[in-house]
Amino acid sequence: MRIRILAVLAVLLSLLSGCGYNSFQTGDEAVKSAWSEVVNQYQRRADLVPNLVSTVQGYAAHEKDVLTQVTQARAQVGGIQATPELINNPEAFAKFQQAQAGLSSALSRLLVVAENYPNLKADASFRDLQAQLEGTENRITVARNRYIKSVEAYNVSVRTFPNNLTAMVFGYQIKPNFSVENEKAISVAPKVDFGSTKK
């Protein structure tokens, strides 16, 4: 009788060790960590924006529309709480993504405006700020890529057998990942035009 109980316990322990529960915990922590880095880089960008706006404002006072758009986009980004729960809520995640895309777009327009002012382009503080902003965008890309990979690994473990059975029992669901709002638009190659003049 004692041998049977030990055998049953051994079988149960072997089943539990392969259920995937620990891999869900590891994967969930990796996703949270990667998400924290994404938020950290977005915050760094949001902190740089007021400096960029005030530097450009001194030179391009009549470009108020672009400056206002950047300020509003930054405020919209600041209004969304980037909590760990955000990555478990697809609707909130989509709003966060949309706000960040709006800020990216507004910053692109601001940098184009800045290119029209030779004195501003030559200003050392603007060049340093622009280099920091470009570096931040690169860091955001790297952080988002790490998050994407972490979510991929986690979602694969949630969806594959036998882990999917454990996921159902404990209520683990796939996490939302970054996506592109308009995939068709970005698949078109950009048109390069150096403004050729006819003679």
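**Asking why: loops, helices and cores**

Author: Let's start at P162, which sits in the loop between α6 and α7. Keep in mind that this is a predicted model.

Reader: What kind of peptide bond runs from F161 to P162?

Author: A cis one, with omega near 5°. For background, most peptide bonds are trans.

Reader: How many helices and how many strands does the protein chain have?

Author: Eight helices and zero strands. Along the sequence you get α-α-α-α-α-α-α-α.

Reader: What makes α8 count as a helix?

Author: A helix needs a DSSP run of at least four residues.

Reader: What makes a group of residues a nonpolar core, and which residues have the most contacts inside the largest one?

Author: The largest core has 21 residues, and L52, V56, V70, L107 and L110 have the most contacts inside it. Two or more residues come from each of α2 (21-59), α3 (64-78), α4 (90-115) and α6 (124-159). Helix α4 gives the most, eight residues. Apart from this core lies another, of 19 residues, among them V31, W35, V38 and Y42.

Reader: Which residues is L107 in contact with, beyond its neighbours within four places in sequence?

Author: R45, V49, L52, V70, L133 and E137. Contact means heavy atoms within 4.5 Å, so each of these has a heavy atom that close to one of L107's.

Reader: Why do Y21, V169 and F170 get called a surface patch?

Author: Patch members need over 30% relative accessible area and no salt bridge, and nonpolar side chains are joined within 5 Å. Y21, V169 and F170 form such a patch, so each one passes those tests. Together they have about 320 Å² of accessible area. F170 lies in helix α7 (residues 163-170).

Reader: What share of the protein chain is buried?

Author: 31% of the 199 residues.

Note on methods: Residues numbered from 1 in each chain as written. Predicted model: local features only at pLDDT ≥ 70, side-chain atom pairs only at ≥ 80, totals over all residues. Heavy atoms only, no water. Patch = residues over 30% accessible without salt bridge, like charges linked within 9 Å, V, L, I, M, F, W, Y side chains within 5 Å. Areas by Shrake-Rupley, 256 points an atom, 1.4 Å probe, with all protein chains shown as cover. Salt bridge = Lys/Arg side-chain N within 4 Å of Asp/Glu carboxyl O. Buried < 20%, exposed > 50% of the residue type's maximum accessible area, 1.4 Å probe, protein only. Core = buried A, V, L, I, M, F, W, Y, C linked by side-chain atoms within 4.5 Å.
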